[in-house]
Amino acid sequence: MTTPIRSEALYRAADLRRIEAAAAAQPLMERAGEAAADLAISLSRLEGGAVLVLAGPGNNGGDAFVAARHLRLRGFAVSVVFVGEISRLPKDAAAAYRHFDADGGTTLQAIPSGSRWSLIIDGLFGIGLQRAIAGRYAELVQAANTLALHHHCPLLALDCPSGLDADTGQRCGETIRASHTITFIAGKPGLLTGDGPEYCGSITHAALDLHAERLAPPSARTIGSDLFAAWLRPRAKNTHKGSFGSVGVLGGASSMVGAVFLAGRAALKLGSGRVYLGLLDAQAPTFDPLQPELMLRRPEALLGTALSALACGPGMGGSEEARSLLLRACALELPLLLDADALNLLASDERLQEALSERAQRGVATLLTPHPTEAARLLARDTAEVQADRAGAALELASRYHAVLVLKGCGTIVAAPDGRWFVNTTGHPALASAGTGDVLSGMIVALLAQGWPALEASLAGVHLHGAAAEERVASGCGPVGLTASEIITSARLCLNHWIAHGR
């Protein structure tokens with residue numbers, strides 16, 4: 001069973017620079033290089049084997065020189081490729097080079113041919129990258145990726161794979177595809193979202209004897225159970241179904257009723273006392289034969305039901321009836337989650353946008369759960385722009401729509417209207433299948449109905465959704481062919497495990 005994890009601080013590059021400046025008197029580069037060498041030794045297939053080190057023109061190159069010196073001292077055959085100018089190295093990196101040189105190290109202008117590498121180290125740019133990698137550096141990146149693949153050897157990136165934006169997770173031209181990344185001082189959001197997880201491999205943290213949060217507040221946090229632990233409460237003995245809220249799910253236009261059933265089943269199995277489904281399809285069945293506990297209503301009747309929380313959008317379609325129902329839903333004084341087609345309607349209707357603003361003025365919680373293309377519609381941009389800065393897009397949407405925002409995708413971002421944001425680290429590519437977003441909506445609205453605040457419900461729902469997928473894959477159900485329905489039972493097991501074992 002998946003063990004809950006604690007949240008960790010994340011820092012953008014500018015905030016890390018301030019931490020480094022505050023700790024300037026400490027030998028951070030020496031600590032970083034030594035930590036990298038220690039990890040490199042544990043990864044190398046051959047004791048004393050051949051190690052290729054790529055050193056860049058900045059402080060990341062300085063870390064690489066320190067690592068190379070320590071590896072040479074421990075008997076490894078180290079080849080350091082440096083194509084910059086020694087005279088233009090920053091102060092600390094220049095000092096690291098001189099120490100490397102004084103200990104007998106030499107640099108090469110090109111990768112030597114014919115060697116069989118046991119390990120490759122990327123110390124080209126780290127978090128200092130300002131533009132797309134080009135020229136000789138791009139050739140080195142291409143060569144490193146090719147050699148690591150052909151030699152079946154680890155490729156260790158220092159701080160951040162060169163070519164990856166450590167703030168956003170976007171690739172900047174040619175990018176190192178690391179099997180391992182050792183990141184210094186604290187975590188970086190770009191390692192965990194967008195392209196980051198694909199290019200970072202396994203991530204190791206080296207704090208360098210610093211406590212980052214004592215030096216500067218974090219830019220963001222990963223999602224961990226400590227952020228919502230206060231709401232993981234065992235159920236009191238003297239309770240009944242009314243104690244755990246009534247969920248409504250509105251959607252299910254013609255040929256799309258399955259989306260509502262998925263959301264409703266997830267809400268039921270995540271603990272809602274009652275679950276009502278409002279189906280727009282007039283020909284829809286009157287009950288769910290696989291989950292007869294669900295209560296089906298016409299949409300108008302659903303909106304007149306005493307609900308604790310409402311989710312709108314799964315399979316809703318874009319009809320005028322759907323638009324009218326959504327406007328009525330926005331006027332209700334209860335937590336409201338908008339997903340899928342409800343988001344597309346919101347993006348194109350000023351009346352709905354004004355309704356969300358009015359909800360915020362009344363202090364009523366709203367949650368939006370877009371995937372990147374839906375987020376792009378809400379921002380009147382294209383999907384590529386959203387993916388280029390996922391956190392920025394999520395924060396802008398949260399502020400514009402006065403809502404807790406869940407931007408789905410690799411490294412899901414949760415953003416609050418007050419500017420706080422979080423990156424989820426659970427999940428699996430197996431979630432890329434139809435209906436998994438509907439299940440997530442049902443999970444979150446179930447927690448809302450049980451009294452969870454909007455932010456905590458979103459954090460827990462996203463984290464649990466990913467953990468459930470990991471659990472299913474670990475048990476052999478996937479990754480290929482994992483269905484949305486299969487996630488629901490696993491999510492229920494995970495949640496009960498977390499509650500029973502003290503979070």
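This is a guided tour of a predicted model, taken one selection at a time.

The model is predicted, and local features are reported for pLDDT of at least 70, side-chain atom pairs count only at pLDDT 80 or more, and totals for chains, interfaces and linings use all residues. Numbering runs from 1 along each chain as its sequence is written, and side-chain values use heavy atoms, with hydrogens and water left out.

**Stop 1: the largest core**

Select L310 and L338. These residues have the most contacts inside the largest nonpolar core, which has 99 residues. A nonpolar core here is a set of buried Ala, Val, Leu, Ile, Met, Phe, Trp, Tyr and Cys residues joined through side-chain atoms within 4.5 Å. Buried denotes under 20% relative accessible area, exposed over 50%, and partly exposed in between, with a 1.4 Å probe and protein chains only. Helix α2 (residues 28-43) gives the largest share of this core, eight residues. Helices (H or I, at least four residues) and strands (E, at least two) are DSSP runs, numbered from the N terminus.

Next, display the surroundings of L310. Leaving aside residues up to four places away in sequence, L310 touches G248, V249, L250, L302, L303, A329, L332, L334, P335, L336, L337 and V445; contact means heavy atoms within 4.5 Å. Another core, of 61 residues, lies apart from the largest one and includes V404, L459, C477 and A484. In soluble globular proteins, nonpolar side chains tend to be buried together.

**Stop 2: C312 in strand β13**

Move to strand β13 (residues 309-312), where C312 is found. C312 counts as buried because its relative accessible area is 0%. Beyond residues up to four places away in sequence, its contacts are L250, L326, A329, L336, L337, L338, D339 and A342.

**Stop 3: α2 against α3**

Select α2 together with helix α3 (residues 59-73). Their axes come within 7 Å and cross at roughly 55 degrees. Axes are lines fitted to C-alpha atoms, for helices over the stretch in contact, and angles run from 0 to 180 degrees between N-to-C directions. The two helices are therefore oblique to each other; angles under 35 degrees count as roughly parallel, over 145 as roughly antiparallel, 65 to 115 as roughly perpendicular and the rest as oblique. The crossing of α2 and α3 is right-handed, a term used if the near helix is turned clockwise from the far one by less than a right angle.

To colour the contact, take M29, E30, A32, G33, E34, A36, A37, A40 and I41 from α2, with N59, G62, D63, V66, A67, R69, H70 and L71 from α3. By class, the contact of α2 with α3 has nine nonpolar, four polar and four charged residues. Ala, Val, Leu, Ile, Met, Phe, Trp, Tyr, Cys and Pro count as nonpolar, Asp, Glu, Lys and Arg as charged, and the others, Gly among them, as polar.

**Stop 4: α18 and its two partners**

Select helix α17 (residues 454-474) and helix α18 (residues 484-500), which pack at an angle of about 110 degrees with their axes 8 Å apart. That angle makes α17 roughly perpendicular to α18. The crossing of α17 and α18 is right-handed. On the α17 side, show H463, L464, H465, A467, A468, E471 and R472; these meet E486, I487, S490, A491, C494, L495 and W498 in α18. The contact of α17 with α18 has eight nonpolar, three polar and three charged residues.

The crossing of α16 and α18 is right-handed. T436, V439 and M443 in α16 meet A484, I487, I488 and A491 in α18. This contact of α16 with α18 divides into six nonpolar, one polar and no charged residues.

**Stop 5: backbone details**

In the loop between α17 and α18, select P479. A cis peptide bond joins G478 and P479, with omega about 15 degrees.

Then select H152, in the loop between α5 (135-151) and β6 (155-158). H152 has a positive phi of about 55 degrees although it is not a glycine, and it counts as exposed at 62% relative accessibility. Finally, H402 is found in the loop between α15 (390-401) and β16 (404-407). Phi of H402 is near 55 degrees, again a positive value in a residue other than glycine; at 35% relative accessibility, H402 counts as partly exposed.
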